[in-house]
Structure formats: C-alpha cells, structure tokens
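Here is a briefing on a ligand site and a nonpolar core. Start with the structure itself.

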Amino acid sequence: MAVIRSVIKGVGAYLPKRRMTNDDLSKIVDTTDEWIVERTGIRARHIAAEGERTSDLGYAAARKALERSGLEPRDIDLVICATATPDRTFPATAVRIQHMLGIEHGAAFDVQAVCSGFVFGLATADNFLKAGQFKRALVVGAETFSRILDWQDRTTCVLFGDGAGAVVLEAQAQTGTREDRGILATRIRSDGRYEDLLYVDGGPGSTRTTGHLRMNGREVFRHAVNKIYGVIEETLHETGYTADEIDLFVPHQANARILDGIAKKLKVSPEKIVMTLSQQGNTSAASIPLALNEAWEQGRVKENGLVLMEAMGGGFTWGAVLARW
Ligand code: ACO
C-alpha cells in the first residue's frame with residue numbers, strides 16, 4: 001500500500017569558532033582533564049561568541065543542509081527548531097531562522113524537549129509530512145548552553161557545549177514496506193516525575209530570570225540506559241528489524257559511559273556508533289544532527305543505510321527514530 005514517508009534529503013551543521021579544552025576549564029573551576037575524560041569522555045567543546053545567537057548557529061546549519069539537499073529556502077514550508085536556549089522567550093527561534101532564510105510562507109515553531117528536542121522535532125515534522133499538511137521540512141537542533149551554565153559549578157559546566165545541526169525532510173510516496181527510504185518509526189516519551197533531576201532554576205513564569213542548569217548526574221545516569229533502550233526496542237519491534245541490522249547508530253552525545261551502556265545492551269558493534277562527544281561535549285538538541293553531519297562528511301552514511309537515533313533529556317523526555325537514508 002502506498003504511503004508517504006519523510007525522506008532525509010540533506011544534513012548540515014555548524015560549530016562556533018571558539019574551542020574550550022578541559023585544560024582551559026581547569027583554569028575556571030577546580031577540575032582536571034583526567035577527571036573529565038575518565039567520567040565523561042569529553043575533551044573539548046565549542047562556545048558561541050559574544051553576540052552569536054542560537055538562531056545564528058541554527059541558520060548556518062540550515063543553509064548547509066539546504067545546499068546539500070539541492071533545495072532552495074522557498075522549497076521549505078515547515079521550519080522546526082529544537083532548542084532549550086532560544087534567542088528570546090518569544091518569538092520562537094525557528095521563526096527567526098525562517099526569516100533569515102527569507103521564507104515567508106508556511107509555518108515555523110520551536111520544540112522544547114531539551115536534549116531529546118531533535119528526536120521530538122523529527123517526530124513532529126514526520127507526522128505533519130505524513131498527514132500531507134506540509135511538503136518539505138527543515139528540522140534544526142541549535143543550542144547555546146554556555147549561556148545557561150553555572151560556570152562555578154564543576155559538576156555541570158564541564159559537560160556541555162554550543163552548536164547546531166539540521167536536516168531537510170521531504171514527503172515522498174513510498175511502497176509502505178520496511179525497505180522504504182525515510183523515517184520508518186518514531187517513539188517519543190516524557191515523564192514529569194523526574195523534573196527535579198535535571199532542570200534550569202529560572203524562567204519567565206517563575207523567577208523572571210533565565211536561570212542556570214542544575215542536575216543530579218548520578219540519578220540521570222541511573223535512568224538513561226533503560227529508558228533509551230526501551231524506546232529503541234519499540235522502534236525495532238514496530239519495523240521488524242533487529243539491532244544487528246542497524247548500519248549507523250547516532251546517539252545523543254551525553255556521556256561516553258551512557259553510550260557504552262546502550263551500545264552494549266543493544267549489541268551494536270563499535271564501528272557503527274557515531275561519537276562526537278570528545279570534541280563537542282553535550283550540545284543538547286544539536287548533538288544528534290551534529291553527529292549525523294560528521295558521519296555524513298566522513299562517508300559513513302550510506303544510501304539506503306538503516307540509521308538509528310536516540311536521546312534523553314530534562315523532563316525527563318526521551319525518544320528514538322529509525323530511518324533509512
Ligand atoms: N572535576 C573534578 N571533580 C568533580 C567534578 C569535576 N568536573 N565534578 C564532580 N566532581 C567530584 C564530586 O565533587 C565528587 O567528589 P566527592 O566524592 O569528594 O564528593 C566526585 O567528583 C564524584 O562525583 P559524582 O557526581 O558522584 O561523579 P559521577 O561519577 O557520578 O560523575 C557525572 C558525574 C559525569 C555527571 C555522571 O554522573 C554522569 O555522567 N551523569 C549523567 C549525566 C549526564 O550525562 N547528563 C547530561 C545531560 S542529560 C542527557 O543529556 C542525557
């Protein structure tokens with residue numbers, strides 16, 4: 001039976017110029033390169049320049065994704081930006097990116113699911129495309145987490161970085177089998193009982209301030225592997241694939257130990273896993289498209305390859321996407 005699928009037409013990314021190593025961080029807080037590498041796998045991260053906004057990062061990534069898709073901004077009728085660090089409380093950063101691209105038709109809005117934002121954004125765009133409401137979507141993950149970090153808190157400021165990535169999706173008629181190209185299955189979940197384990201202690205509706213990121217790292221860690229594994233299993237079950245049929249595993253880059261835990265449970269071989277964490281840190285909603293972009297640039301994303309993406313973040317929110325390139 002013919003169905004509409006959201007086919008990935010192109011990917012792009014952008015990292016701010018300034019690179020901050022663990023040694024640079026050790027001059028700001030009481031930490032060492034050794035501690036950070038051993039506990040997280042992170043060696044360096046990028047930090048947005050003064051005046052460089054989340055929308056600037058997202059726009060640069062979006063331009064690259066469009067260029068590689070062979071499409072023009074006018075071809076896009078839906079722009080979704082996944083971010084927890086918007087330029088302003090409102091309007092949405094997606095609307096600014098839409099404007100920077102010169103798009104005046106269609107719709108643009110932000111998705112707020114923190115580190116799971118890109119997965120939530122893909123799932124949202126996919127449903128709009130499958131419903132026939134839009135034809136081509138730009139899904140951007142863009143963050144300036146450096147602006148919400150407490151730079152005196154060594155337990156959190158060493159983990160995150162800034163950056164952006166984007167993909168272009170196009171609605172295409174496919175056969176309705178699991179051999180189709182495009183997004184084959186998505187799962188998104190959330191559970192607010194875990195709010196206090198990972199949050200920002202400010203906001204316009206509560207403190208009237210922006211606030212800083214707070215996290216109970218141990219507890220987040222404890223939940224991450226099982227929750228992520230659960231949604232991955234559901235996408236595999238829905239499509240009838242097994243983990244060893246995955247060609248490329250593109251996880252949210254939170255922590256090398258979490259990634260190892262998931263990879264071991266899934267039994268995915270190491271050469272299929274995309275790891276950008278060591279040079280980028282955790283860039284929240286930007287980490288999956290940044291990793292996808294790096295894999296694409298290295299020639300690791302093959303035509304018709306089965307790609308698995310997953311994430312978990314504040315809320316908690318978590319989710320997975322299975323797609324054929
Ligand atoms: N440098 C040096 N020492 C540090 C640092 C640091 N940057 N941070 C904490 N420490 C110290 C602590 O003070 C503590 O010292 P103490 O024993 O004297 O009290 C010691 O190191 C151990 O601290 P823990 O918090 O128990 O360290 P843990 O092994 O749990 O590692 C970490 C912390 C890396 C945050 C870990 O819990 C983790 O990875 N959690 C997952 C959280 C995560 O990845 N979050 C990302 C956002 S959510 C997401 O994207 C999924």
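Domain 1 (3-174) and domain 2 (182-324) both give residues to the shell around the ligand, so the ligand lies between them. The domain bounds come from an automatic or database domain assignment. This is a predicted model: local features need pLDDT of at least 70, side-chain atom pairs count only at pLDDT 80 or more, and totals for chains, interfaces and linings use all residues. Residues are numbered from 1 along each chain as its sequence is written, and side-chain values use heavy atoms, with hydrogens and water left out.

**Ligand shell**
- The ligand is surrounded by 23 residues, each with a heavy atom within 4 Å of it.
- The closest are Thr31, Arg39, Arg218, His252 and Asn255.
- α7 (217-239) is one of the helices that supply at least two shell residues; helices are DSSP runs (H or I, at least four residues), strands likewise (E, at least two), numbered from the N terminus.
- α7 gives the most to the shell, with four residues.

**Polar contacts** (pairs of N or O atoms within 3.5 Å)
- A polar side-chain atom of Asn255 lies 2.3 Å from a ligand oxygen atom.
- For Arg39, a polar side-chain atom lies 2.6 Å from an oxygen atom of the ligand.
- Gly217 uses a backbone N or O atom, 2.9 Å from a ligand nitrogen atom.

**Nonpolar core**
- The largest nonpolar core has 47 residues: buried (under 20% relative accessible area, 1.4 Å probe, protein chains only) Ala, Val, Leu, Ile, Met, Phe, Trp, Tyr and Cys joined through side-chain atoms within 4.5 Å.
- α7 gives the most to this core, with eight residues.

Notes:
A polar contact is a pair of N or O atoms within 3.5 Å; within protein, one must be able to donate a hydrogen and the other to accept it, and residues adjacent in sequence count only if both atoms are side-chain atoms. Buried means under 20% relative accessible area, exposed over 50%, partly exposed in between (1.4 Å probe, protein chains only).
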